[in-house]
Amino acid sequence: MENNRNFFITIALSVLILTLWQVFYMNPRVEQQREAAKIEQQRVEEQKKAAEAANPGAGTPAPAPGAIPNAPGGGTVTAASRDQALAASKRVKIDTPSLEGSINLTGARLDDLKLKHYTETVDKNSPEIELLNPQALPTGYFAEIGFVGNDKTGTVPGAETVWSVDGNPTLSPSTPVTLTYTNDKGLTFKRIFSVDANYMFTVTDTVQNSGTSAVSLFNYGRVTRYDKPAVASTYVLHEGLIGVTGTEGLAEYKYAKIESDKQITPGKSTDGWLGITDKYWAVTLVPTEKQPFQPRYAFFEDGRHRYQSDFLTDAINVDAGQSATVETEIFAGAKEVAKINAYEADRHIRQFNLVIDWGWFYFITKPMFWLIDTLYKFFGNFGLAILATTVIVKAIFFPLANKSYASMANMKKVQPKMLEIREKYADDKMKQQQAMMELYKTEKINPLAGCWPVALQIPVFFSLYKVLYITIEMRHAPFFGWIQDLAAPDPTSIFNLFGLVPITLPHMLMIGVWPLIMGVTMFLQMRMNPTPPDPTQAAIFTWMPVIFTFMMAGFPAGLVIYWAWNNTLSILQQGVIMKRQGAKIELWDNLTALFKKKPSPAE
C-alpha cells in the first residue's frame with residue numbers, strides 16, 4: 001500500500017510541476033508580453049502622427065537581379081486609421097460567405113481581409129477579426145504575388161505596379177476578377193483572382209510576350225507582417241513563420257528565432273507551402289505549377305521591422321509571340337480542421353494539416369478532437385460533447401480500471417497483515433520488503449495497480465488541453481450558464497462573490513465555480529482511500545486538492561469541467577467496485593475524522 005501511495009504521489013507531483021510551470025511561469029509571462037505588445041503598439045501609433053507621408057517610397061533599395069523586391073514605404077506608418085489606409089488606393093471589393101475586404105490595385109496585393117464568422121470577443125456585436133491590413137498601418141499584414149525581371153523584360157509587376165480592372169469589379173466565389181498590366185517591352189500580364197466560399201484564393205498569372213525576342217523572368221510570392229500577435233505564443237503552440245517544403249518538410253520558426261537568425265533558406269522545392277500562422281488564423285502561399293522554387297523565412301530591420309515568408313521560382317522563359325502561365329494559391333483565414341483537411345485532400349497540398357499545431361502527441365490529440373467534434377454534431381454543444389467524451393474514455397479503460405480498483409480493495413482487506421509485518425520487522429527494512437512482496441504474491445495483489453487509473457488520465461488530460469487550446473472550433477464555444485467560452489478560464493471568482501462585488505481581482509484569485517467543483521470532487525476522490533500513516537504523505541493528500549483548485553482556475557473551463565466530471569465518475573466507479581469486493585469505503589470515516597475535534601495532550 002505504501003508503494004502504491006508513493007507512486008500515486010509521484011504521478012500527482014509530476015502533474016503539479018507541469019501545472020505550476022503553466023500557471024506561475026507561462027501565464028504571467030504571457031500577460032507581461034501582452035502588456036508589452038500594447039505599450040509598443042501605443043508607441044508606434046504616437047510616432048505615426050509625426051511620420052513623413054510625403055515620401056512613402058524613400059529609402060527603398062532597388063532589388064538585385066533575381067531577388068524579391070522590398071516592400072515600398074517600409075520605413076514609415078503613413079495612415080492614421082484603417083479607413084484612411086484603404087482610401088489611399090484604388091481597390092477591388094471581396095465579398096464571399098466567409099470573407100469581406102478588398103484587393104489593392106497597387107501591387108494587386110491582398111491586404112484587406114475580415115473574417116465574417118469570427119468576432120474579437122464572445123459578444124456577437126464585437127468587431128470582426130481583421131486578418132489582413134494595409135502596410136501603412138502599424139498592424140500591416142499582406143500577401144503579394146509578383147515578378148522579378150531584368151533589362152530585357154522591362155518593368156514587371158511588383159509592389160508598386162498599378163493594375164487595371166478588366167470587367168467585373170467584385171471578387172466572389174462565382175465572379176473572378178481579371179487584372180491587366182502592359183509594360184514598355186511588349187509584355188502583357190493578365191492576372192485572374194478567384195476565391196472559393198471559404199478561405200482559398202487562386203492567383204493565375206499569364207505572361208504574353210508580344211516583343212521580338214525571348215525573355216525570362218521570375219515569379220515570387222510573399223506573406224509579410226509588421227507586427228507580432230498581441231497575445232504571445234506559449235510552449236504548447238507554435239505562432240510565427242511556418243512551411244512544408246523540400247526534403248526538410250515541416251519548418252517552424254517563432255518570431256524570436258527568426259529575429260535572431262535574420263534569414264533561413266531551406267533547399268529548393270517543387271511542392272509544399274509556406275506562410276505565417278497565428279493561434280487560430282493563418283496566411284500561406286501554395287505554388288501549384290510544380291516548378292522549382294526557393295523558399296525563405298526572413299526578418300528585415302531596414303526601415304520598419306517585418307517578418308516574411310516568401311518564395312522565388314526558377315526562371316520562366318517566354319519566347320517571342322508566346323505566353324506562359326503560373327498559378328499560386330493563397331490561404332487566408334481560420335484554421336478550421338475540416339476545411340484544412342479538405343484543402344489538403346482535394347488540392348493535393350502536401351501536409352497542409354500541419355498548419356494546425358497538433359503537437360508531438362498528434363496520435364492522441366487528433367483522435368480526441370475527432371471524438372469531441374463528432375459528439376458535438378450530435379449534441380450541438382461542445383460542453384456536452386466533452387462530458388460524453390469523458391464517459392467514453394472511462395468505458396474504454398473500464399476493464400483496466402476495474403482490475404485496478406479491485407486490487408486496491410484487496411489491499412485494503414489485507415492492510416492489517418501489512419501493519420503486522422511493519423511492526424514485526426520495524427528494525428529490518430530488507431526483511432520487511434521481502435515479507436511484503438511475499439504477501440502480495442500470496443494474495444495476488446499488484447501494489448501499483450491502483451495507480452493506473454490516475455496514470456491513464458494524464459495523456460487524456462493533456463490531449464484535451466491541447467484540443468481546447470489550439471482548435472478554433474473550441475473558440476467562443478459556450479456551455480451553459482456563465483460559461484460562454486470553453487477555451488477560456490471560468491470568469492467567476494469566489495473572492496468577489498461570483499460577481500456580486502464589483503472589484504477587479506488579480507489573476508491568481510480568479511477561482512470560479514467550476515474550479516471549486518473540481519477541487520471538491522478531487523478531495524472526495526482522495527478521501528475514498530485510507531489516510532496515509534506518513535505525516536508528509538498525509539499533508540500532501542490533504543492540501544493537493546486546494547493547490548489544484550488554484551492552479552486549474554487558470555486553465556480552459558472545458559478542461560476543468562472534464563476533470564470535475566471525470567473525478568465524479570471515478571468516485572462512483574471506485575465505490576461500486578469496493579462494495580462488490582467487500583472492502584470498506586473510507587470516505588465517511590475520513591470526512592468524520594477530518595472535522596472531528598482532536599483531543600488535547602492533557603486529555
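Q: In which helix is Y255 found?
A: The model is predicted: local features need pLDDT of at least 70, side-chain atom pairs count only at pLDDT 80 or more, and totals for chains, interfaces and linings use all residues. Numbering runs from 1 along each chain as its sequence is written, and side-chain values use heavy atoms, with hydrogens and water left out. Helices (H or I, at least four residues) and strands (E, at least two) are DSSP runs, numbered from the N terminus. On that basis, Y255 sits in residues 255-261, helix α3.

Q: Is Y255 buried or exposed?
A: Buried means under 20% relative accessible area, exposed over 50%, and partly exposed in between (1.4 Å probe, protein chains only). The relative accessible area of Y255 is 6%, so Y255 is buried.

Q: Which residues is Y255 in contact with, leaving aside neighbours within four places in sequence?
A: Contact means heavy atoms within 4.5 Å. By that cut-off, Y255 meets R225, K228, P229, E239, G240, L241, I276, T277, D278 and Y307.

Q: What distance separates the C-alpha atoms of Y255 and A298?
A: Along the chain, Y255 and A298 are 43 residues apart.

Q: Which residue does D278 meet in a salt bridge?
A: A salt bridge needs a side-chain nitrogen of Lys or Arg within 4 Å of a carboxyl oxygen of Asp or Glu. For D278, the N to O distance is 2.7 Å and the partner is R225. The pair links distant parts of the chain, 53 residues apart: D278 in the loop between β15 and β16, R225 in β11 (residues 215-225). Both residues are buried, D278 as well as R225.

Q: Which residue forms a salt bridge with K268?
A: K268 has a relative accessibility of 49%, so K268 is partly exposed. With the closest N and O atoms 2.7 Å apart, the partner is D314.

Q: How many residues apart in sequence are K466 and D357?
A: The side chains of K466 and D357 meet in a salt bridge at 3.7 Å, N to O. K466 lies in helix α10 and D357 in the loop between α4 (337-346) and α5 (362-379), so the pair ties together parts separated in sequence by 109 residues.

Q: How many salt bridges does the count come to by this rule?
A: Some of them form a network, one of which links R82, D112 and E130. The count comes to 21.

Q: Which residue in β16 is the bridge partner of I276?
A: β15 (residues 272-277) pairs with β16 (residues 281-287) in the antiparallel sense over four bridges. Across this pairing, I276 has as its partner V283.

Q: Which residue in β3 does E100 stand opposite?
A: β2 pairs antiparallel with β1 (residues 91-95) over five bridges, and D95 stands opposite E100 there. Six bridges join β2 to the antiparallel β3 (residues 109-119). Here E100 faces K114.

Q: How many of the six residues of strand β2 are buried?
A: β2 spans residues 99-104 and is largely enclosed by the rest of the structure. This is because the number of its residues that are buried is five.

Q: What is the relative accessible area of F495?
A: F495 is found in the loop between α10 (452-470) and α11 (513-526). F495 is partly exposed, at 40%.

Conventions. Two strands pair if DSSP finds at least two bridges between them.
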